[in-house]
Amino acid sequence: MKDSVRGLCMGAARCAGLFACMALLSSCFQSRVVSAIEEEELFTLSYGNFEDQVNVFDMGEVGDVPIRLAMRDGFFYVTNGQSKKVMEFNSYGDLLSLYYNEDNNPEPSFLKAAQAATATRKAVRYPFNEISEIAIDSRKFLYAVDTLPLERQELDEGSGQMLGQIVLRFSDSGSFVDYLGQQGPGGTPFPFIQNLYATNSNELVVVCTTNAGAVVYWFSTEGYLLFTVPIEKQSVPGPSSEEKNDVWLKIDSVVPDSRERRLYVKVDYYVSQVDEASRVQSGIVYKESLLHALDVLDGSYGRPISVPAYTERVTEGFSSQTYSVPYELLGVTESGWFFFIVTTGEGFSLQMMQGDGQRILQRRLRVDRRKNLFYTFSLGNTGILSVFLVQTSHATVAWWRTDSLIQAILKN
C-alpha cells in the first residue's frame, strides 16, 4: 500500500508547537511521547532529461507538481509527470527500470547496441499522457494513473463530473497488461483519482473524489471489479446524533486496510463560531477529527476513534491563544498503526496511533523549508516513511525508520 502526501513548502505558516512528554504508565491509557526522528538521506537525483534525472523545470507554474513516490520492499518508484516517465531505483540510487514516453525522452543510454547484450536494466516504452499516482504490489506489478486526452474523456450526466482518468497495469517483466476503468479492464474512465493502494493480497484499491464525497473501487488480483463503495458526506456518521445538523464535515482521506476488506475514513468536523458580543455567526471553527472503519462487505461503520489534533500556543504581548489543526491521514501499516502528519515551522509533526487508540506516539520530522521547494511522502506497509524532496540544485530521496521506532516501543 502506498500512501503518499504532497504539498509546497514555500510560504508555509509559522508553527512552533511543543507537546508535553508523557511516559507510558499502562496500555489502558493513551501515551504521547514527543522527540525528533533523524532523517536518513539515501540518494540524490540531478535535474535534466536523461534516464536517471528528474524534470521539474515548471516549478514556477501554478498547480500541482506531477511527482509521486512509492516505496515497496526497499525499492523506490518515482513518477515524473513532466517527463512522462516512471523510474525504479534501489536504495543506493541505481536505476533499475524505466517506463517512458519516447516522444518526450531520449533513448536510455543502457539500450545502446554496445551494451544491450549485457544490460541488466529494464526499459519500457509507453505513450504516457499525464501520469500521477502510482502503486506497486508484492508481485512487482506497477499501477499508474494516466489522464486521457480531452477528446477521450466523458461527462457523467448524473454528477456533472468529467471522467478522464484510467489506471495502467504493467507486469513484473515490464510488459503492458491493460488499463482499468470503473468496471475493470477497458471500463469507463474514473473521476479524479486521489490515490492508489495495493493490498497484501495484491488487490488494487482506487480512491476517487466526487462532488458528494468519495467513491472507492476495489479490484481483484486479476483486475475485475469486486466492490464499488460510495462514501458520501451525508452518510458519514457525525460526532453525535443530536449535533449532526449543526456540524460541517470534510472527508480528509480514505485508505484501505492491507489485510482485510475494510476502509478507514478520516473525517474532520467543524462547528459554527458565534461572536459573543453580537451573537451573530461569524464563521466556522475546527471541532474534532474521527477515524471511521467501514466494512466493505456490508457497508456498516464501526465505532469511531478520536484523532487528537495538533495544538500550538501563540503568544503576542501579554496574551496567548491555543490553536488546533487537524492532522492528515497518511495510511495504516500491516501491524495496525495509523500515521498522521501536519506541517510545522520546523518541518512536520508525525502522529502514530494504534488501531484501538490506546497508544499514541508523536515525533518531529525536521525539514528545512528554505532548502526544499516540494515534497511527497510514501508510507510503506511495514511503517517506513519515505520522502522525495525537491531542492534548488537537486532532488533527494530519504526516509525515517519509524518501523524500528514502533518495534522498539512494543518491545519495551
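Analyst: A residue counts as buried under 20% relative accessible area, as exposed over 50%, and as partly exposed in between, with a 1.4 Å probe and protein chains only. Aspartate 178 has a relative accessibility of 17%, so aspartate 178 counts as buried.

The model is predicted: local features need pLDDT of at least 70, side-chain atom pairs count only at pLDDT 80 or more, and totals for chains, interfaces and linings use all residues. Residues are numbered from 1 along each chain as its sequence is written, and side-chain values use heavy atoms, with hydrogens and water left out.

Strand β14, residues 176-181, contains aspartate 178; strands (E, at least two residues) and helices (H or I, at least four) are DSSP runs numbered from the N terminus. The side chain of aspartate 178 makes a polar contact of 2.8 Å with that of arginine 169. Such a contact is a pair of N or O atoms within 3.5 Å; within protein, one must be able to donate a hydrogen and the other to accept it, and residues adjacent in sequence count only if both atoms are side-chain atoms. With neighbours within four places in sequence set aside, Val167, Leu168, Arg169 and Pro185 are in contact with aspartate 178, where contact means heavy atoms within 4.5 Å.

As for the whole chain, there are two helices and 32 strands. Of its 412 residues, 51% count as buried. The average pLDDT (the predictor's confidence in each residue, from 0 to 100) is 85, and 85% of the residues score at least 70.
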